[in-house]
Amino acid sequence: MLGTGPTWSTTGLQVVVSTENSQIIELTRRLGAGGQGEVWEASGGRVAVKILHSRDAVAAQRLAERLRTVRLLDLDNLPLARPLSLLAPPYLGYTMPMLSDMAALQHLVKPSAGGDLAAWYSNTGGLRRRLRLLGRLAGALAELHARGFCYGDPSLVNVMVSESLEHEQVFLIDVDNIAVASEIRDGAYVTPGYAAPEVLTGRRGVSSLSDSFAFAVMAFETLSILHPFIGDLVYDGEPELEEQAFAGEIPWVDHADDEANRSSFGLSRRHTLTPGLRGLAARTFEGGLANPTGRPTVGEWRTKLFEAADLTLTCERCRGSFYGSEPACPWCLDPAPPALVARALTQVPPIGSGEQLIAQTKQAVLLQREMAAPISKRTATGSAVDGELPVVTLWFDRTGQLTMRNRWDRPAWVVGPGGGPWLPVEPGQESAIPGLAKGAIWELHFDGQHTPHRLLRFSRLTRGGDR
């Protein structure tokens, strides 16, 4: 039957599928499954196969046409598993490239039963890595939206992330859901629990605003290990309550005025989300629940997630990451280590006899002892394009000295207390910034005195400040 999934043979070997151009592919491992279909790893590990479920020949034809359309879209330079070839009947689906050593984002949300939650959270990358992975995912969706498309069905099972804790790649699969314009689809093509209420109920089609809702659910769940709508009321209630919650008819767990669905599970949002991130969640799950235009964009999420990641420290005892405003590590209660804060500012030179203007941005980076801190274009120039390319690397040692290495293609300037002198640091060179342990104010400027530019101003971190 068209659209059915593969089955195991009596010999224990998995079945094979073939493509429209007669390529034979052996399926070796099921990577995930949902209402729309299944994703399988192919022999060799470089290709994955998405097998779609379809109830009838007409629906199958529509899906096949959509897949052919997706292959023609402008998706270059995006971390998307673009269809390579279509499957031949009796299967409906496609092959796609698969990066090795990747796992579904779901593995950062589903802890093993009976284990220590805090230890598992840290051992799977902790807070900082989750923030950065989500920031990269938000960036990918934002770029997709900028090209006039929406992803359609973001969920934990169709986002792949690096298995190795040393890497932070993200990769979107199931691109058959990508849409050019709002399109009302059958409920089988969305994932309950992540689909926006207006899409789940069929009132509206998928859009960038429904993508942002699904992303908000994933971000909240990945950071706090708690679905925003599965509080105690829903968890302990009848299945119908879950359906109502996903349709937007029951308040989310942290609703400002309605405590009906509070949760006794998950991690404290005080430890996992900054006030800025909590604000984005509230805008999505309160006013944005019924009014999609009230939701923050994925671009806003990207900015806040990376800003939050820059404000984390690593515990010297348990190696878990946490926000630097905490007086102690929330995972093991060890005292927080000393740190510097590098606050980002913008300097505008005077015009004529006017005064020089220095305005503080909302960005800051925490510098921990004996840990290299790369400063990217996102901080140094405020640019979202190539925002993660490193500009300088900072090293704060145990004597209180800060060393910067210029990794850029242009000079940077180290400026001492009182505004001078301006000391150039050429590309590839290093410069020591002394005296920070004694409270002296030093700055690192990313352009010359007479041009508008960003700078970092260094000071000792005090606990309990703004995040």
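Predicted model: local features only at pLDDT ≥ 70, side-chain atom pairs only at ≥ 80, totals over all residues.
1. Phe215 belongs to the largest nonpolar core, which has 97 residues. Together with Leu277 and Trp301, Phe215 touches the most other members of that core. A second, separate core has 24 residues, including Ala380, Met404, Trp408 and Trp442. In soluble globular proteins, nonpolar side chains tend to be buried together.

2. Look next at helices H3 (residues 126–146) and H11 (residues 298–310). Their axes come within 8 Å and cross at roughly 155°. Angles over 145 degrees count as roughly antiparallel, so that is how H3 and H11 lie to each other. The crossing is left-handed. From H3, the contact includes Leu134, Ala138 and Leu141; from H11, Val298, Trp301 and Leu305 are among the residues involved. The contact residues divide into 11 nonpolar, 4 polar and 4 charged.

3. Check the backbone at Pro89 and Pro90. A cis peptide bond joins them, with omega about 15°. Pro90 sits in the loop between strand S5 (85–86) and strand S6 (93–97). Most peptide bonds are trans.

4. Asp174 has a phi near 60°, positive though the residue is not glycine. Leu333, also not a glycine, has a positive phi of about 70°. Most residues other than glycine have a negative phi.

5. Where do Asp174 and Leu333 lie? Asp174 is in the loop between strand S9 (170–172) and helix H4 (197–200). Asp174 is buried, at 9% relative accessible area. Leu333 is in the loop between strand S11 (321–323) and strand S12 (339–348). Leu333 is exposed, at 68%.

How values were computed:
Residues numbered from 1 in each chain as written. Heavy atoms only, no water. Axes fitted to C-alpha atoms, helices over the stretch in contact; angles between N-to-C directions. Helix = DSSP H or I, 4+ residues; strand = E, 2+ residues; numbered from the N terminus. Parallel < 35°, antiparallel > 145°, perpendicular 65-115°, else oblique. Left-handed = near helix turned anticlockwise from the far one by under 90°. Contact = heavy atoms within 4.5 Å. Nonpolar A, V, L, I, M, F, W, Y, C, P; charged D, E, K, R; others polar. Core = buried A, V, L, I, M, F, W, Y, C linked by side-chain atoms within 4.5 Å. Buried < 20%, exposed > 50% of the residue type's maximum accessible area, 1.4 Å probe, protein only.
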